Amino acid sequence: MSRHDTDDTARRIAELAPWFHNLTIDGIDTAPDHFLGDYPRFKYEGFRHALPDDLQGASVLDIGCNAGFYSLEMARRGAGRVVGIDSDPHYLAQARFAAERAGVDLDLRQMDVYDVEALGEKFDLVIFMGVLYHLRHPLLALDLLYEHVVGDMMLFQCMQRGPDMQAEPVAADYDFNDPAPFTREDWPRLWFIEKRFSSDPTNWFIPNQPGMEAMLRSSGFTIEEQMEREVYLCRRGARGEMVPPPPRIVTAG
């Protein structure tokens, strides 16, 4: 029997609707009719094995934490400190409620990905799932994460389109007068969405698989494992040739 009144839990869940994360709180699902199914739990089952079972003492940053599914899971794995950031106060209110009912201490902040320098620390694990394609400046975001918050590992996911394929090894240079590389199916691509995709005006860019992997490598991330087509475990490596540190982002206080 839950120590919380289920009627009160159901009322709070309804007040905080709509939910994008389907969490089970006091035995009640927050989004039982989610169009993707039991999301993101079913997704997590496909790659949870790649993360350390014991995160005892580790610091975790969950970017675009939404209602806090991944933040809660990392706390359950023993992470010593879990910071969740999101630009949407509605999602943060959901995450605070879920953390309170789970008895988990999360440091939740309303913050944009471009402002991560203000955190002033590097984390053992950064979770950057389902955010990149919502950004007008995706490479800048990756550069900022590399520069300011990724200390070791990054769990990364981005929507992709195009064939599921591995690209040929990247050449050191390409001839200006040779159009052939641009006709290859495995050439890195990043499609720009001018208006809406899937009824969402914040879906700005969608890469193919070679494009996404090239962006990660160029930004300084070594792909250690690809657990699913769109999900990667990366480590902080060496930045690409002629990739400068990102500019400082100054926001109004």
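Helices and strands here are DSSP runs, numbered from the N terminus: at least four residues of H or I for a helix, at least two of E for a strand. With that in hand, let's start at a loop. One caution before we do: this is a predicted model.

So, H21. H21 sits in the loop between α1, residues 6-15, and β1, residues 24-25. Is H21 buried or exposed? H21 has 6% relative accessibility, so it counts as buried. Buried means under 20% relative accessible area. What is H21 in contact with, leaving aside neighbours within four places in sequence? The list has T30, A31, Y39 and P40, and then C65, N66, A67, G68 and F69.

F69 leads us to the aromatics. F69 belongs to one aromatic cluster, along with Y44, F47 and Y70. Across the model, the count comes to 13 aromatic pairs. Take Y44 and F47. Their ring centres are 5.8 Å apart and their planes stand at 80°, so this pair is edge-to-face. The cut-off for that label is over 60 degrees. Y44 and F47 are both buried.

W187 is buried, because its value is 17%.

Two arginines also meet rings. R136 lies over the face of W204, at 4.4 Å from the ring centre. R236 lies over the face of Y146, at 3.9 Å from the ring centre. Keep R236 in mind.

What is the strand order? Reading across, the order is β5-β4-β3-β6-β7-β11-β10. That is an open sheet of seven strands, and the pairing is mixed. At the edges are β5, residues 107-110, and β10, each pairing on one side only. From one strand to the next, the twist averages 20°.

Here is a parallel pairing. β6, residues 123-129, runs parallel to β7, residues 150-157, over six bridges. In that pairing, V126 stands opposite M154 of β7. Helix α3, residues 69-76, packs on the sheet. α3 touches β3 (59-63), β4 (81-86) and β6, and its direction makes about 150° with that of β6. Helix α6, residues 209-218, packs on the sheet as well, touching β7, β10 and β11. The direction of α6 makes about 145° with that of β10.

And here is an antiparallel pairing. β10, residues 221-228, pairs with β11, residues 231-236, over six antiparallel bridges. They form a hairpin with two residues between the strands. E228 has V231 of β11 as its bridge partner.

Back in β7, look at V150. V150 is buried, because its relative accessible area is 0%. What does V150 touch, beyond residues up to four places away in sequence? K122, F123, V126, L145, F221 and R236. There is R236 again, which also lies over the face of Y146.

Last stop, α6 itself. Why call α6 largely enclosed? Because seven of its ten residues are buried. Those are Q209, P210, G211, M212, E213, M215 and L216. What covers them? The cover includes α5 (138-148), β7, β8 (190-192), β9 (205-207), β10 and β11.

Both ends of α6 have a detail to check. At the start, a side-chain oxygen of N208 reaches to within 2.7 Å of the backbone nitrogen of G211. Just after the helix, G220 takes a positive phi of about 105°. That's the tour.

Note on methods
Residues numbered from 1 in each chain as written. Predicted model: local features only at pLDDT ≥ 70, side-chain atom pairs only at ≥ 80, totals over all residues. Heavy atoms only, no water. Pairing = 2+ DSSP bridges. Axes fitted to C-alpha atoms, helices over the stretch in contact; angles between N-to-C directions. Contact = heavy atoms within 4.5 Å. Phe/Tyr/Trp six-rings, centres within 6.5 Å; stacked < 30°, edge-to-face > 60°. Buried < 20%, exposed > 50% of the residue type's maximum accessible area, 1.4 Å probe, protein only. Lys NZ or Arg CZ within 6 Å of the ring centre and 35° of its normal. Polar contact = N/O pair within 3.5 Å; in protein donor to acceptor, adjacent residues only side chain to side chain.
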